[in-house]
Amino acid sequence: MRSLIIRLVRKILETKWKYRLNKSDVRVKGGGSVTFDENVIIKDSFIYVDSNSKLILKQNVRLVGISLFLTNGAVVEIGECSFIEANRNPVRPEYIIDSGRLLVGNHTKLACQRLWVRFGGDCRIGEYSNVNDGTEIRCDEKVNIGSFNQISYNIRIWDTNTHNVYSPEVRKKMTIDYFPSFGREFECPMTKPVIIGDGCWLGERVSILKGTTLGENVTVAFNTTVSNKHVPAGKKVISKNELTII
């Protein structure tokens with residue numbers, strides 16, 4: 001009974017009650033840091049900041065219909081007049097920043113289905129960029145997306161293999177030991193930075209995988225996968241039987 005009372009008291013102290021009026025649950029553990037500038041709107045969202053993480057929302061930021069988790073020393077800063085919204089995603093979007101950093105410039109729109117930073121990764125998105133529904137960004141090392149980018153629907157931007165390839169014996173043991181949690185990771189998989197310059201256009205269902213650099217004003221055509229390539233500024237990338245840069 002005593003432990004239950006302690007947990008209830010902690011939850012009461014952690015909760016920012018004024019956001020309840022907009023159907024949001026904003027919780028900040030003791031030691032966690034939040035800075036909200038003027039006219040910040042948080043609606044129908046869940047936000048959790050643990051005891052050594054930091055969240056900064058500049059003026060006129062809008063968070064609607066999302067879940068945002070900051071853990072293990074995470075730092076998130078969202079620039080002025082930017083917004084992160086559920087839009088037409090079929091499930092509540094998740095923004096999970098675990099021991100890493102997410103920096104978003106001014107006047108940018110994020111409608112990712114999931115953005116996940118792990119292992120101290122550094123994810124940066126510039127100003128006036130637009131990331132549409134169904135997109136997933138995975139950052140275990142470095143993802144740098146410039147300004148004035150148009151990123152279409154159902155995009156994958158990964159700087160990581162997402163999983164380690166263990167021997168069958170090790171993976172079997174991990175599966176048994178941690179059931180019902182499958183595919184747990186305790187060490188960073190293979191990674192290589194992803195850099196996307198300013199003014200790029202990524203068509204629907206494009207995948208930008210680890211080790212890829214796109215120069216400024218690059219266009220990547222529908223359903224194209226680019227992995228470990230350098231694409232010079234102003235080029236177009238298409239995929240038929242093989243990847244072509246024109």
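Modeller: Let us start with the elements: helices (H or I, at least four residues) and strands (E, at least two) are DSSP runs, numbered from the N terminus. This is a predicted model, in which local features need pLDDT of at least 70 and side-chain atom pairs count only at pLDDT 80 or more, while totals for chains, interfaces and linings use all residues. Residues are numbered from 1 along each chain as its sequence is written, and side-chain values use heavy atoms, with hydrogens and water left out.

Colleague: What makes Tyr 128 and Phe 148 a stacked pair?

Modeller: Rings of Phe, Tyr and Trp (its six-membered ring) pair if their centres lie within 6.5 Å, and planes under 30 degrees apart count as stacked, over 60 as edge-to-face and the rest as tilted. By this rule there are four aromatic pairs. For Tyr 128 and Phe 148 the ring centres are 5.2 Å apart and the planes stand at 10°, so this pair is stacked. The two residues come from distant parts of the chain, 20 residues apart, with Tyr 128 in the loop between β14 (122-125) and β15 (130-131) and Phe 148 in the loop between β17 (142-145) and β18 (150-151).

Colleague: Why is Phe 148 called exposed, rather than buried?

Modeller: Buried means under 20% relative accessible area, exposed over 50%, and partly exposed in between (1.4 Å probe, protein chains only). Phe 148 has 54% relative accessibility and therefore counts as exposed, whereas Tyr 128, with a relative accessible area of 42%, is partly exposed. Tyr 128 also has a phi near 55°, which is a positive value in a residue other than glycine.

Colleague: And what kind of aromatic pair do Tyr 178 and Phe 186 form?

Modeller: Their centres are 5.3 Å apart and the angle between the planes is 45°, which makes the pair tilted. Tyr 178 is partly exposed at a relative accessible area of 32%, and Phe 186 counts as partly exposed at 47%.

Colleague: How do you know that Arg 62 lies over the face of Phe 83?

Modeller: A charge sits over a ring if NZ of Lys or CZ of Arg is within 6 Å of the ring centre and within 35 degrees of the ring normal. Arg 62 lies over the face of Phe 83 at 4.6 Å from the ring centre, and Arg 118 is placed over the face of Trp 116 at 5.1 Å from the ring centre.

Colleague: What makes β17 and β20 paired strands?

Modeller: Two strands pair if DSSP finds at least two bridges between them. β17 and β20 (residues 194-196) run parallel and are joined by three bridges, with Ile 145 having Ile 196 in β20 as its bridge partner.

Colleague: Is Ser 45 buried or exposed?

Modeller: Ser 45 has 3% relative accessibility and so counts as buried, and its place is in the loop between β3 (41-43) and β4 (46-49). Contact means heavy atoms within 4.5 Å, and the residues that Ser 45 touches, leaving aside those up to four places away in sequence, include Asp 25, Gly 65 and Arg 92.

Colleague: Which side chains are joined by the polar contact of Thr 160?

Modeller: A polar contact is a pair of N or O atoms within 3.5 Å; within protein, one must be able to donate a hydrogen and the other to accept it, and residues adjacent in sequence count only if both atoms are side-chain atoms. The side chains of Thr 160 and Asp 140 are joined by such a contact of 2.8 Å, and the side chain of Thr 160 also reaches the backbone nitrogen of Thr 162 at 2.9 Å. Thr 160 lies in the loop between β19 (156-158) and α2 and, at 4% relative accessibility, counts as buried.
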